[in-house]
Amino acid sequence: MSETAQIALTPAAAARVAAIAKKQDKPAILRLAVDGGGCAGFQYRFGLADSIEADDAATSQDGVTLVVDAISLDLVRGSAVDYVESLGGASFQVKNPQAASGCGCGTSFSI
C-alpha cells in the first residue's frame, strides 16, 4: 500500500462511507475502480473493501480510507471523490481532471 495525495476523498464522502460501513459492520474502506464500458468508454465502480491490497494507492479522510488499484489510478490520478445529494438523488461522484468528457449521470467518462 502506498499513501498518496494523487486522489482525494472529501469530508462529505468520508462521512457517508463511515455511515455505510458502520451499518454493514465493515471496515471504513472505500474502493474506487475503473472498468471499461458505460456510455462514455470507462465507468467508475465503488464498493466497500474488507482490506487494503499491497499494490493499492490509499488516502485517508476523517478515519475513512479510499483505495485505488494501480491500473485504475492511472485513469483517476488528481481526482476527488465526493458524495453529492440533490433533487435527482444522492451518489458518490468523481471529479476527474483527466476526463475529456463524461455522461450526464456522472458515472462514466472518456479520456
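# A walk through the predicted chain

Ser72 lies in helix α2. Helices here are DSSP runs of H or I with at least four residues, strands are runs of E with at least two, and both are numbered from the N terminus. Ser72 is buried, with a relative accessible area of 3%. Buried means under 20% relative accessible area, exposed means over 50%, and partly exposed is in between (1.4 Å probe, protein chains only). Leaving aside neighbours within four places in sequence, Ser72 is in contact with Leu32, Ala33 and Val34. Contact means heavy atoms within 4.5 Å.

The model is a predicted one: local features need pLDDT of at least 70, side-chain atom pairs count only at pLDDT 80 or more, and totals for chains, interfaces and linings use all residues. Residues are numbered from 1 along each chain as its sequence is written, and side-chain values use heavy atoms, with hydrogens and water left out.

Now the overall layout. The chain has 2 helices and 10 strands. From the N terminus on, the order is β-β-α-β-β-β-β-α-β-β-β-β. Of the 111 residues, 36% count as buried. Take the contacts between residues at least 6 apart in sequence: 55% of them join residues at least 24 apart. The accessible surface comes to about 5,900 Å², and carbon and sulfur atoms account for 53% of it. Accessible areas come from the Shrake-Rupley method with a 1.4 Å probe; for residues, only the protein chains shown count as cover.

Next, helix α1. This helix covers residues 11-24, 14 residues in total. At 1.5 Å a residue it should span 20 Å, and its end C-alpha atoms are 20 Å apart, which agrees. The expected span is 1.5 Å times one less than the number of residues. The buried residues of α1 are Ala13, Ala14, Val17 and Ala21. Seen down the axis, they fall within an arc of 95°, so they line one face of the helix. The arc is that of the directions from the helix axis to the C-beta atoms. The face turned away from the buried side carries the exposed residues Lys22 and Lys23.

Two backbone angles deserve a look. Most residues other than glycine have a negative phi. Just after α1, Asp25 takes a positive phi of about 55°. Asp25 lies in the loop between α1 and β3, and at 71% relative accessibility it counts as exposed. Asp62 also has a positive phi, near 50°. Asp62 sits in the loop between β5 (57-61) and β6. Asp62 is exposed too, with a relative accessible area of 58%.

What about the interior? In soluble globular proteins, nonpolar side chains tend to be buried together. A nonpolar core is a set of buried Ala, Val, Leu, Ile, Met, Phe, Trp, Tyr and Cys residues joined through side-chain atoms within 4.5 Å. The largest such core has 20 residues, and Leu9, Leu32, Val76 and Val81 touch the most other members. The elements that give two or more residues to this core are β2 (7-9), α1, β3 (29-36), β6 (64-68), α2 (70-76), β7 (79-86) and β8. Not counting residues up to four places away in sequence, Val76 touches Gln6, Ile7, Leu32, Val34, Tyr44, Val68, Asn96 and Gln98.

Gln98 is found in the loop between β8 and β9 (101-102). At 29% relative accessibility, Gln98 counts as partly exposed. Gln98 and Ser79 are 19 residues apart in sequence and 8.0 Å apart in space, C-alpha to C-alpha.

Ser79 leads on to Ala8. Ala8 lies in strand β2 and is partly exposed at 34% relative accessibility. Leaving aside neighbours within four places in sequence, Ala8 is in contact with Thr59, Leu66, Ser79, Ala80 and Val81. Ala8 and Val81 are 73 residues apart in sequence, yet 6.1 Å apart in space, C-alpha to C-alpha.

Last, the aromatic rings. Rings of Phe, Tyr and Trp (its six-membered ring) pair if their centres lie within 6.5 Å; planes under 30 degrees apart count as stacked, over 60 as edge-to-face and the rest as tilted. By this rule the count comes to 2 aromatic pairs. Phe46 and Phe92 form a tilted pair, 5.5 Å centre to centre with 35° between the planes. The pair links distant parts of the chain: Phe46 is in strand β4 (residues 42-48), Phe92 is in strand β8 (residues 89-95), and they are 46 residues apart. Phe46 is partly exposed, with a relative accessible area of 28%, whereas Phe92 is buried at 17%. Phe46, Tyr83 and Phe92 form one aromatic cluster.
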